[in-house]
Amino acid sequence: MRRIITMTVNNRPGVLNRITGLFTKRHYNIESITVGHTEVEGISRMTFVVNVEDERTAEQIIKQLNKQIDVLKVNDITDQAIVARELALVKVSVTPALRQEIYTLIEPFRASIVDVSKDSLVIQVTGESEKVEALIELLRPYGIKEVARTGTTAFTRGSQKTAAMHKTAFII
């Protein structure tokens, strides 16, 4: 079961190492990690995408993360209304004759060409993980040389209720 866990932490040396160590010791697989500064100086935001066996395991992770030094707040936002994005750079082998075909292919994805060379293009795409994955699969037949992905970064939408809250609102 895939979970998206966000946390705010004090921006100090060793914090990321301690948190990833917690996941490693308990044999939880981290699919992706994104870390960056927040709007508050000295505070960073981390987004982890992890695979866990069940709901109980996810709850245990949250409890263990909350006990960590320098962790200020932990949220499992998987079941909430969220905005989630990922960035990927994809280097594709392309002859000059195929460039227009690639431009046409990436246009519906709102992707852009960020580098052009004699024998390759670098394409930048942002969006939900499924969108990024779909574009990569379409580009695969052209010959992908390299892929660099950021992993998912996410937070909850403003003033929107979760799916569970919507259900109870209709029952009343």
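## Close-ups of a predicted model

View 1. Residues are numbered from 1 along each chain as its sequence is written, and side-chain values use heavy atoms, with hydrogens and water left out. N10 belongs to strand β1; strands here are DSSP runs of E with at least two residues, helices are runs of H or I with at least four, and both are numbered from the N terminus. Leaving aside residues up to four places away in sequence, N10 touches V15, G42, I43, D70 and L72, where contact means heavy atoms within 4.5 Å. The C-alpha atoms of N10 and V71 are 6.6 Å apart, although 61 residues separate the two along the chain.

**View 2. Four strands make an open sheet.** The order is β2-β3-β1-β4, and the pairing is antiparallel; two strands pair if DSSP finds at least two bridges between them. β2 (29-37) and β4 (71-76) are at the edges with a single partner strand each, so one side of each has no neighbour in the sheet. On average, neighbouring strands are turned by 15 degrees against each other, direction ignored. Angles come from axes fitted to C-alpha atoms, for helices over the stretch in contact, and run from 0 to 180 degrees between N-to-C directions.

**View 3. Zoom in on β1 and its partners.** β1 is mostly covered, with seven of its nine residues buried. Nine bridges pair β1 with β3 in the antiparallel sense, and R3 stands opposite V50 in β3. To β4, β1 (residues 2-10) is joined by five bridges, again antiparallel. On that side, M7 has V74 as its bridge partner, and I5 has D76.

View 4. Helix α1 (residues 15-25) lies across β1, β2, β3 (43-51) and β4, at about 20 degrees to β3. Which residues of α1 are buried? They are V15, I19, T20, L22 and F23. Down the helix axis these fall within an arc of 145 degrees, so they line one face of α1; the arc is that of the directions from the helix axis to the C-beta atoms. Their cover includes β1, β2, β3, α2 and β4. On the face turned away you'll find the exposed residues N17, T24 and K25. Just after α1, H27 takes a positive phi of about 60 degrees.

**View 5. Q64 is tucked into helix α2.** Helix α2 (residues 55-66) lies across β1, β3 and β4, running at about 165 degrees to β4. Q64 is part of α2 and is buried, at a relative accessible area of 15%. Beyond residues up to four places away in sequence, Q64 touches L22, R26 and Y28.

View 6. The protein chain averages 89, and 92% of residues score at least 70. Over residues 162-172, pLDDT stays under 50, and the model has four contacts beyond four places in sequence for this stretch.

Key:
Predicted model: local features only at pLDDT ≥ 70, side-chain atom pairs only at ≥ 80, totals over all residues. pLDDT = per-residue confidence, 0-100. Buried < 20%, exposed > 50% of the residue type's maximum accessible area, 1.4 Å probe, protein only.
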